[in-house]
Amino acid sequence: MKKMVNGVLVDMTPEEITEKEQDIATWNEGAFDRSMENLRFKRNNLLAETDYLALSDQTMSAEMTTYRQALRDITNGLTTVADVEAVVFPTKPGA
Amino acid sequence: MALSKIQAESMNLADTYAFTGTVSGTSDLVKISTTTVSGTPTIIEFTGIDDTYSVYKVVMNNLQLTGDGRMKVRLGTDSAYIASNYRLTGVSGRAGSGTLDKENKFTDSTFDITGGWDLGGATDECYNTSMYFYNLRGTSGHKHIFATSSFVSTGNYVVFMAVGGRLYDNSVVSKMKFGDITGSANINSGTVTLYGVKQ
């Protein structure tokens, strides 16, 4: 492996190559956790969009209640990155 | 008496003269080092970050990877690179998606400045960015980054991204490296320049 240091192409040291291989391995091991984190982040944003409907002076429709529950349940049963990538978010009903 | 003027036609401009004075009025943005990529390196590294400048700027122009990957930044001390406690937030937009996405990396091993997008590895898919680094030499407080990028993600989609973040670490930073640090793509071509910003 090579690297460019201040504009000069040099060989990476054995220690640097080991560090690089460990970085790749660690990254790959964390793939499922990252995909779940991204899924929850997107899910939480979608829930936040309709949080105002849960205020006491609002009436939440049955469709909206079902939609929000589907969002909360969207992480259930996911065990692989492929599972997460196959998730389809529910369609937001008219408020 | 010190000379303050040079008489017209008294100095041979073809000669070489020693100069011991101080040049004033120079730019406050100083180019330190330019890397023109060759030899498909795994990473690009700048060393010698010191107290000369309070802010450092890096410009990447037309960087192109050997395969799909990410563009990441890691900061290091004289002894080692720091591989934890990088936090990043910001927004990105992809042409064709019609929405802005929020970026949120709370405990990462690098600044992932391509966020959740894969940088495309095709020959016409490139990465361009300007990024600033603050407080790299501080021993209290934290190292901050602010980066704006335009790049082509996998599938030939153009992405705009603006992110800010910090490294939660009190070490004195003296070097930085760039590339697909946690992936296997190398860098095919492009130019990366390090600037120092005087204040």
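The area buried between chain B and chain A is about 1900 Å² in this predicted model, where buried area is the accessible area (1.4 Å probe) that two parts lose on being put together, summed over both. Carbon and sulfur atoms give 48% of this area. On the side of chain B, B:Thr42, B:Glu45 and B:Thr182 lose the most area to chain A, together 26% of what that side buries. In terms of contact (heavy atoms within 4.5 Å), 29 residues of chain B meet 18 residues of chain A.

Turning to charges, 4 salt bridges are counted between chain B and chain A, each being a side-chain nitrogen of Lys or Arg within 4 Å of a carboxyl oxygen of Asp or Glu. One salt bridge links the side chains of B:Lys177 and A:Glu19, at 3.1 Å from N to O.

Strands come next; they are DSSP runs of at least two residues, numbered from the N terminus. Strand E2 (43-47) of chain B is among those that each supply at least two residues to the side touching chain A, and E2(B) gives the most, with 5 residues. Strand E1 (residues 2-5) of chain A runs parallel to E2(B), joined to it by 3 bridges; strands pair if DSSP finds at least two bridges between them. Within this pairing, A:Met4 has B:Ile44 as its bridge partner.

Residues are numbered from 1 along each chain as its sequence is written, and chains are lettered from A in the order in which they are written. Local features need pLDDT of at least 70, side-chain atom pairs count only at pLDDT 80 or more, and totals for chains, interfaces and linings use all residues, while side-chain values use heavy atoms, with hydrogens and water left out.

Terms used
Helix = DSSP H or I, 4+ residues; strand = E, 2+ residues; numbered from the N terminus.
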